[in-house]
Amino acid sequence: MKAFFLKHRKLVIVLVIAFLTGVVYWQVKDHEFLLFDDYGYIVANYYIQPGVTWENLVWAFTRGYVANWHPLTWVSHMIDFGLFEFDPAGHHLHNVLLHLLASIALFLVFERMTGGFWQSAFVAIVFALHPLHVESVAWVSERKDTLSALFWILIMGAYVGYSKRAGVGQYLLVLLLFALGLMAKPMLVTLPFVLLLLDYWPLRRVSLASSAESRKHLYHCILEKVPLFLLSFGSSIITFIVQREGGAVSTLEAFPLEVRLANAALSYWRYLGKTFWPADLAVFYPLEVPNPLLAITGAVLLVIATIILVRAKAFPYLAVGWLWYVGTLVPVIGIVQVGAQAMADRYMYIPIIGVSIAVAWFLEEVTRRVPQRALWLGGAGIGMVIAMGVLSYRQVGKWKSTETLFEHTISVTRNNWMAHYNLGAAYEQTTDLEKARYHYQRTVDLYPTIASAHYDLGKVLGMLGSHEEAVHHLLKAIELKPSLERAYLRAGVELVKLRRIPEALPYLEKAYEFNRYYGDPNHNVALTLVGINELDLALVYLRKAAAAHPDDTTIREDIDRIRELKKQRRK
């Protein structure tokens with residue numbers, strides 16, 4: 001058995017990774033699409049339907065959508081929709097497959113690059129099974145994570161080939177894969193810096209020596225990455241423009257710079273904490289205003305970095321691992337705030353590799369003289385794998401539906417307006433209007449400046465018959481966001497139900513100005529009056545609508561129907 005393992009040990013590790021990943025993630029085949037992004041990305045995204053077409057490809061490469069530009073990710077969703085349509089199982093399992101391929105590739109690339117078999121296996125298994133990665137794998141909308149990570153690792157593999165035998169062909173392959181990776185997710189902008197780290201260790205193409213020869217090698221390694229840096233710069237510009245136009249980039253007024261810096265410094269520690277103790281994981285961590293004095297933790301980070309860099313010659317893997325972790329988080333650490341979250345599990349998908357590198361090679365070094373080292377490390381490794389597997393399996397189960405995900409999120413966070421908002425939408429969809437009302441109300445209590453939450457609360461209150469309250473929240477939605485066209489129509493309808501018709505007409509007229517699909521204002525008043533049995537008054541407004549639109553056959557047909565309905569009631 002030992003001889004067989006030694007001969008086929010790479011294959012054994014690959015099979016172990018595949019088996020464990022399958023055990024943890026196979027359950028996603030029974031999961032639903034989530035109201036949280038999955039509907040916008042897939043279910044209601046008509047641009048990816050009916051699959052890969054020329055028109056859809058042009059859209060993917062030339063347009064920003066839901067505050068993102070990642071055309072290759074859209075193409076992967078098109079392929080899914082062509083194969084599976086609205087069956088979520090195939091979409092979910094595609095994510096799992098990409099995650100599995102990335103995990104296996106990570107092991108093979110690191111083993112080739114470092115020669116450290118067990119250390120590389122450790123890094124890959126942590127990547128495959130860590131609970132922090134559940135969000136990226138179990139959430140279909142995070143296809144950009146799994147797809148871009150696979151490109152990231154393939155780029156490293158191609159770069160290792162280039163470092164061993166430099167050539168134009170090898171370099172162009174790195175450049176091509178990098179361009180494709182950026183089109184899967186722009187978080188790859190930090191990869192050129194990581195390649196420079198790999199030049200130091202383990203590739204040893206550069207050193208910290210002060211000799212002229214060392215400086216020459218360093219300049220060469222930097223120069224050869226200029227095209228990669230230019231691609232990163234271009235991707236960063238496109239991403240910022242698209243996210244700003246999509247409303248994802250918060251203003252300095254919303255989150256002052258001192259708040260962002262304090263949250264960024266604190267988040268570095270929180271990410272490390274959840275790496276080593278992955279408890280209370282949530283899909284959304286509300287951004288609270290931290291004490292700006294917490295920015296002092298940034299000074300502690302600098303002290304740690306200084307110590308690691310001073311000892312870089314003795315422990316190069318610690319320097320590489322730490323700088324990998326810190327550097328790859330920079331685009332999402334919140335200094336440029338995108339979204340309203342303090343942090344996100346998915347942001348650790350690539351950075352956790354740096355932490356794993358530092359831990360794996362440090363343990364190998366410090367345990368060299370430990371008696372029965374293989375037994376101790378083997379037992380600890382098995383225990384770690386079991387713990388990660390169990391925790392991840394349970395965490396995957398939380399992602400089964402919108403309700404299970406956000407009920408869990410509320411249980412492990414506090415004042416989570418986003419969780420309440422999504423639960424409100426989920427319960428509204430299942431027509432449990434009382435629960436929907438409760439969660440929408442909690443949302444506006446916690447975050448009173450969200451126009452869409454006031455609109456949804458007003459809509460549900462109207463459906464429950466609380467028309468006065470409904471009008472209050474609908475008008476608040478309009479006040480907060482004057483461009484929210486659907487709020488005008490709903491406010492007008494609710495005012496008509498309260499028989500406050502003179503007040504209703506301006507809102508219905510405004511809705512009509514926004515979107516002719518909403519119909520003539522007088523026609524809308526009439527149809528609402530029919531619903532509350534005010535037939536005579538409905539005819540008055542229908543005649544006004546008919547006078548304004550004499551060629552509209554629908555209005556004339558409605559007049560005839562109401563006349564017929566009045567005759568039937570007189571009988």
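Which element gives the largest share of the lining of the second largest pocket? Helix α17 does, with 10 residues.

This is a predicted model, in which local features need pLDDT of at least 70 and side-chain atom pairs count only at pLDDT 80 or more, while totals for chains, interfaces and linings use all residues. Residues are numbered from 1 along each chain as its sequence is written, and side-chain values use heavy atoms, with hydrogens and water left out.

**The pocket**

The second largest pocket has a volume of about 940 Å³. Its lining holds 24 residues, and Trp-118, Phe-122, Leu-377, Gly-378 and Gly-381 are the closest to its centre. Two or more lining residues come from each of α1 (2–25), α6 (117–129), α16 (351–366) and α17 (373–398). By class, the lining has 19 nonpolar, three polar and two charged residues.

On a 1 Å grid over the protein atoms alone, a pocket is an open set of points where a 1.4 Å probe fits, with protein on both sides within 12 Å along at least five of seven lines; lining residues have an atom within 4 Å of a point. The volume is the space filled by probe spheres set on the points, which are joined across faces, edges and corners. Helices are DSSP runs (H or I, at least four residues), numbered from the N terminus. Ala, Val, Leu, Ile, Met, Phe, Trp, Tyr, Cys and Pro count as nonpolar, Asp, Glu, Lys and Arg as charged, and the others, Gly among them, as polar.

**Ser-392 in α17**

Ser-392 also sits in helix α17. Ser-392 is buried (under 20% relative accessible area; exposed is over 50%, partly exposed in between; 1.4 Å probe, protein chains only). Its own value is 0%. Leaving aside neighbours within four places in sequence, Ser-392 is in contact (heavy atoms within 4.5 Å) with Val-24, Leu-129, His-130, Pro-131 and Val-134.

**Cores**

A nonpolar core is a set of buried Ala, Val, Leu, Ile, Met, Phe, Trp, Tyr and Cys residues joined through side-chain atoms within 4.5 Å. The largest has 124 residues, with Met-156 and Trp-324 making the most contacts inside it. Helix α8 (residues 143–164) gives the largest share of this core, 12 residues. Apart from it lies another core of 32 residues, including Ala-477 and Tyr-541.

Trp-324 touches Met-156, Trp-152 and Phe-110, among others. Ring pairs also link Trp-324 into a cluster with Phe-110, Trp-152, Trp-201, Phe-315, Tyr-317, Trp-361 and Phe-362.

**Aromatic pairs**

The whole structure has 30 aromatic pairs. Rings of Phe, Tyr and Trp (its six-membered ring) pair if their centres lie within 6.5 Å; planes under 30 degrees apart count as stacked, over 60 as edge-to-face and the rest as tilted. Two tilted pairs follow.

| Pair | Centre to centre | Angle between planes |
|---|---|---|
| Trp-139 and Trp-399 | 5.6 Å | 40° |
| Tyr-488 and Phe-514 | 5.4 Å | 40° |

Trp-139 lies in the loop between α7 (134–138) and α8, and Trp-399 in the loop between α17 and α18 (402–412), so their pair ties together parts 260 residues apart in sequence. Both Trp-139 and Trp-399 are buried.

Tyr-488 is in helix α23 (residues 485–497) and Phe-514 in helix α24 (residues 501–514), so this pair ties together parts 26 residues apart in sequence. Tyr-488 counts as buried at 8% relative accessibility, whereas Phe-514 is partly exposed at 34%.

**Ala-451**

Ala-451 lies in helix α21 (residues 451–463). It is buried, at 8% relative accessibility. Beyond neighbours within four places, Ala-451 is in contact with Ala-477, Leu-480, Lys-481 and Leu-484. The C-alpha atoms of Ala-451 and Met-384 are separated by 46 Å.
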